[in-house]
Amino acid sequence: MNNEPLRYTFIFTPPKDDAACWGLKLADFAETLNNDFPDSSTSWDEGPLGPLKSQSLSFELEIMPGEWLEGIVSTPYPNTGSVVLELATPLLGAAFAKWLRDSYVPSPAPIEVVTELALENGVDDVRIVPSTGDLASIVRVLEDHVALVEEETGG
């Protein structure tokens, strides 16, 4: 029996009604990521992403000892965009969300989070990363979201 925790793709965004509140700039994001995670790697891409030509930044980082995550940041419009974190447990997703909140997103700008599984299955359950608090408080938010989505999708 495999006891490996399930992994999900988490999507972090600013709120729809204030999509530019993060002031997302790929070069700034890459610089902050590389400064905080010296072993991280980033690569640039430009091309179609949805209906618009978009610039994106792929990244890989060691979020915890021995735990590597991959993701992509895209900016379809100036200063707006999202961060997609691929195949992370709620704990690893929360560690990334805490870094995003504490090191990149300007306070008090909110961070919304949803899983790809929720979006693909029409589960309307967008959560807010707590604006303060420790890692455990963010883990609970992601675990509660995942539990609801699993329940709704029969997973």
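Strand E1 (residues 8-13) and strand E6 (residues 112-115) run antiparallel and are joined by 4 bridges. Strands count as paired if DSSP finds at least two bridges between them. Helices (H or I, at least four residues) and strands (E, at least two) are DSSP runs, numbered from the N terminus.

This is a predicted model: local features need pLDDT of at least 70, side-chain atom pairs count only at pLDDT 80 or more, and totals for chains, interfaces and linings use all residues. Residues are numbered from 1 along each chain as its sequence is written, and side-chain values use heavy atoms, with hydrogens and water left out.

E1 also pairs with strand E5 (residues 80-88): 4 bridges, antiparallel. Phe10 stands opposite Leu85 in E5. Phe10 also stands opposite Thr115 in E6. Of the 6 residues of E1, 5 are buried, so the strand is largely enclosed by the rest of the structure. Buried means under 20% relative accessible area, exposed over 50%, partly exposed in between (1.4 Å probe, protein chains only).

**Aromatic pairs**

The whole structure holds 9 aromatic pairs. Rings of Phe, Tyr and Trp (its six-membered ring) pair if their centres lie within 6.5 Å; planes under 30 degrees apart count as stacked, over 60 as edge-to-face and the rest as tilted. Two of the pairs involve Phe29.

| Pair | Centre to centre | Angle between planes | Class |
|---|---|---|---|
| Phe29 and Phe59 | 5.8 Å | 50° | tilted |
| Phe29 and Tyr104 | 5.2 Å | 70° | edge-to-face |

Phe29 lies in helix H1 (residues 26-36) and Phe59 in strand E3 (residues 52-64), so their pair ties together parts that are 30 residues apart in sequence.

Phe29 has a relative accessible area of 0%. Phe59 has 3%. Tyr104 has 12%. Ring pairs link Tyr8, Phe10, Phe12, Phe29, Phe37, Phe59, Phe96, Trp99 and Tyr104 into a cluster.

**Ser43**

Ser43 sits in strand E2 (residues 41-49). Ser43 is partly exposed, at 39% relative accessible area. Leaving out residues up to four places away in sequence, Ser43 touches Ser56, Leu57 and Ser58. Contact means heavy atoms within 4.5 Å. The C-alpha atoms of Ser43 and Ser58 are separated by 5.2 Å, with the two residues 15 apart along the chain.
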